[in-house]
Amino acid sequence: MANKAYKFRLYPTQEQEQLLAKTFGCVRFVYNKMLEERIQIYEKFKDDKEALKQHKFPTPAKYKRDFPWLKEVDSLALANAQLNLQKAFTNFFSGRAGFPKFKSRKAKQSYTTNMVNGNIKLADGSIKLPKLKWIKIKQHRDIPPHHMIKSCTITKTKTGKYFISILTEYEHQPVPKEIENVVGLDFSMNTLYVDSEGKRANYPRFYRQALEKLARAQRVLSRRRKGSNRWHKQRRKVAQLHEKIANQRQDFLHKASRQLTNRYDAVVIEDLNMKGMAQALRFGQSIHDNGWGMFTTFLQYKLEEQGKKLIKIDKWFPSSKMCSCCGRVKVSLSLSERLFCCECGFVADRDTNAAINIKKEGLKQLGTA
Ligand SMILES: [Zn+2]
């Protein structure tokens with residue numbers, strides 16, 4: 001079984017918008033309530049792990065008794081809030097994430113609902129969702145008939161647009177592809193990656209220009225008096241630019257991953273994200289803006305669809321400091337050294353050298369080196 005998500009714009013009526021707003025609010029409410037209760041349980045049993053494990057956690061059903069208005073919205077959305085909280089705790093306990101946080105009013109407005117007994121239906125130009133009934137959708141591409149809808153996530157952007165992401169599942173058993181062409185990628189903050197053949201992916205110029213425009217708009221916003229009319233106007237402008245940039249980035253990442261998938265049978269990358277995070281922090285850009293995570297997700301499913309492979313190598317592998325020609329490892333390599341020069345006489349662009357090492361390590365894992 002394989003999964004694929006399709007994203008479309010939604011056009012709710014005023015009445016549907018009200019119900020959507022209520023659903024976003026209820027999901028947040030239930031999430032925060034459950035978190036509050038779990039924190040109390042956690043505090044009480046934190047020294048007794050067994051008791052903590054045994055303890056029953058709150059469910060949305062419990063709150064419906066105390067807050068009957070919760071019944072007005074899609075109950076599956078509330079059930080998913082519970083699952084999301086569960087996931088947040090699992091990540092916390094495994095050390096992958098910090099302690100779960102309360103959702104604020106300013107947080108992303110979204111909820112997920114599931115397909116249960118045909119409650120979700122797609123028809124010409126509209127989609128039927130629990131409680132909302134038929135809602136107008138701009139479906140710019142077809143979902144193949146053998147794709148079964150699993151769940152839908154409805155989101156409202158900061159600029160007031162609505163989107164739906166439809167997750168589908170389908171029977172798919174790709175024939176494993178014989179691996180002949182392999183490429184290694186070295187992550188790069190500015191250009192996304194440098195590959196083992198010395199090629200750089202590069203964000204398109206219009207994207208980089210939009211980033212500059214956003215930085216300017218944010219500076220203007222910071223000078224305006226918070227809460228004033230001009231501040232609100234500018235804030236909207238910043239939000240619109242953010243959205244535009246996010247879309248451009250996503251398009252570019254789709255294209256870049258598509259090209260690699262077409263050209264190679266296996267792609268080797270470092271299992272980040274330490275390096276990416278460190279670079280992002282140094283450049284003062286938020287981790288959120290760094291497309292590497294999204295890129296590797298796209299790359300993985302595109303490769304898998306064709307029976308190809310994404311190989312992740314250990315993030316502690318010394319890809320930068322090792323000579324890809326003779327294997328000597330340098331004691332130190334400063335960031336300003338853009339050229340890698342080895343005692344053996346090998347000279348290469350620093351990132352290309354790293355990408356070649358990544359490829360070699362990947363080949364070792366594949367057992368073909
Ligand atoms: Zn060397």
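Arg38, Ile41, Tyr42, Leu52, Phe57, Phe89 and Phe93 line the largest cavity. This is a predicted model, in which local features need pLDDT of at least 70 and side-chain atom pairs count only at pLDDT 80 or more, while totals for chains, interfaces and linings use all residues. Residues are numbered from 1 along each chain as its sequence is written, and side-chain values use heavy atoms, with hydrogens and water left out.

Q: What makes a residue part of the lining of the largest cavity, and which elements give two or more residues to it?
A: A cavity is a set of points, on a 1 Å grid over the protein atoms alone, where a 1.4 Å probe fits but cannot get out, and a lining residue has an atom within 4 Å of a point. Two or more residues come from each of helix H1 (14-45) and helix H4 (75-93), helices being DSSP runs of H or I with at least four residues, and H1 gives the most, with three residues.

Q: How many nonpolar, polar and charged residues does the lining have by class?
A: The lining of the largest cavity has six nonpolar, no polar and one charged residues; Ile, Tyr, Leu and Phe are among the types that count as nonpolar, and Arg is one of those that count as charged.

Q: Why is the site of the zinc ion called tetrahedral?
A: Donors are N, O and S atoms within 2.8 Å of the metal, and the zinc ion is coordinated by the SG atoms of Cys323, Cys326, Cys342 and Cys344 at 2.3 Å. Four donors count as tetrahedral if all angles lie between 85 and 135 degrees; the angles among the four donor atoms here are 106 to 114°, so the site is tetrahedral.

Q: Which parts of the chain does the pair of cysteine 323 and cysteine 344 tie together?
A: Cysteine 323 lies in the loop between strand E11 (309-313) and strand E12 (339-341), whereas cysteine 344 lies in the loop between E12 and strand E13 (347-349), so the pair ties together parts that are 21 residues apart in sequence. Strands are DSSP runs of E with at least two residues.

Q: Why does cysteine 323 count as buried, and what is cysteine 344 called?
A: Buried means under 20% relative accessible area, exposed means over 50%, and partly exposed lies in between (1.4 Å probe, protein chains only). Cysteine 323, at 1%, therefore counts as buried, while cysteine 344, at 36%, is partly exposed.

Notes:
On a 1 Å grid over the protein atoms alone, a cavity is a set of points where a 1.4 Å probe fits but cannot get out, and a pocket is an open set with protein on both sides within 12 Å along at least five of seven lines; lining residues have an atom within 4 Å of a point. Donors are N, O and S atoms within 2.8 Å of the metal (3.2 Å for Na, K and Ca); water is not among the atoms, so sites may look incomplete. Four donors count as tetrahedral if all angles lie between 85 and 135 degrees; four count as square planar and six as octahedral if opposite donors are over 155 degrees apart and all others between 65 and 115; anything else is irregular.
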